[in-house]
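Please look over both before reading on.

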Amino acid sequence: MSEPSLYERLGGVFAIAAVVDHFSDAVVNNPIVGQQSENPDLREWHTKNLERLPGLKFMRTLWVCNVAGGPFQYTATEPGSTALGLEEAHRRFHISPDEFDEVAAELGRTLDVVGVPQREKGEVLAAFAAHKGEVTEGYVATTGD
């Protein structure tokens with residue numbers, strides 16, 4: 001008998017949606033990447049586009065379910081170079097590697113809050129980290145960075 005997928009071990013779509021809901025709200029309030037971010041593109045999205053947050057939570061839930069081996073198919077609204085590619089959806093935000101790392105840290109904190117076991121937490125964070133290059137593709141360092 002094969003081992004359950006990460007999707008199954010996380011508890012399925014309802015558990016994943018709860019994680020995404022908490023995580024998404026935490027990112028909005030995060031001082032580095034949210035409403036107080038020094039990155040003007042992130043700050044603007046998290047202050048002037050929150051009416052889009054429910055849809056973003058839905059898309060994030062589909063993405064995690066898909067990456068975790070669940071029965072749901074993620075289809076990007078702004079397709080990247082692969083089916084799960086994220087570069088086009090994030091390019092305009094000019095997300096730096098440090099900002100990506102802060103979002104990953106926020107995800108880790110959320111996984112701790114909801115009690116995801118260490119093994120599954122590591123797998124989720126690894127899946128997230130695998131897309132760092134895509135998410136930060138629009139970032140251009142300035143001389144002050």
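How many residues does the largest nonpolar core have, and which of them have the most contacts inside it? The core has 32 residues, and L10 and Y74 have the most contacts inside it. This is a predicted model, in which local features need pLDDT of at least 70 and side-chain atom pairs count only at pLDDT 80 or more, whereas totals for chains, interfaces and linings use all residues. Residues are numbered from 1 along each chain as its sequence is written, and side-chain values use heavy atoms, with hydrogens and water left out.

**The nonpolar core**

- A nonpolar core is a set of buried Ala, Val, Leu, Ile, Met, Phe, Trp, Tyr and Cys residues joined through side-chain atoms within 4.5 Å; buried means under 20% relative accessible area, exposed over 50%, and partly exposed in between (1.4 Å probe, protein chains only).
- In soluble globular proteins, nonpolar side chains tend to be buried together.
- Not counting residues up to four places away in sequence, L10 touches A15, I16, A68, V116, E120 and V124, where contact means heavy atoms within 4.5 Å.

**Helix α7**

- Helix α7 has 12 residues (118-129) and should span 16 Å at 1.5 Å a residue, which agrees with the 16 Å between its end C-alpha atoms; the expected span is 1.5 Å times one less than the number of residues.
- Its buried residues are E120, K121, V124, A127 and F128.
- Seen down the axis of α7, these buried residues fall within an arc of 130°, so they line one face of the helix; the arc is that of the directions from the helix axis to the C-beta atoms.
- Among the elements that cover the buried residues of α7 are α1 (6-10), α4 (53-67), α6 (97-113) and α8 (132-135).

**Helix α3**

- The residues L42, W45 and H46 are buried in α3.
- They lie on the same side of α3, because they cover an arc of only 90° around the axis.
- The buried residues of α3 pack against α2, α4 and α6.

**The largest pocket**

- A pocket is found on a 1 Å grid over the protein atoms alone, as an open set of points where a 1.4 Å probe fits, with protein on both sides within 12 Å along at least five of seven lines; lining residues have an atom within 4 Å of a point.
- The largest pocket is lined by 47 residues, of which F23, L56, R60, L86 and H90 lie nearest its centre.
- Two or more lining residues come from each of α1, α2, α3, α4, α5 (87-90), α6 and α7.

**Individual residues**

- F23, in helix α2, counts as buried because its relative accessibility is 7%.
- Although F23 and T110 are 87 residues apart in sequence, they are 5.7 Å apart in space, C-alpha to C-alpha.
- E102 lies in helix α6 and, at 17% relative accessibility, counts as buried.
- Leaving aside neighbours within four places in sequence, E102 is in contact with N30, I32, V33 and R109.
- H94 lies in the loop between α5 and α6 and has a positive phi of about 50°, although it is not a glycine.
- At 37% relative accessibility, H94 counts as partly exposed.

Notes
Helices (H or I, at least four residues) and strands (E, at least two) are DSSP runs, numbered from the N terminus.
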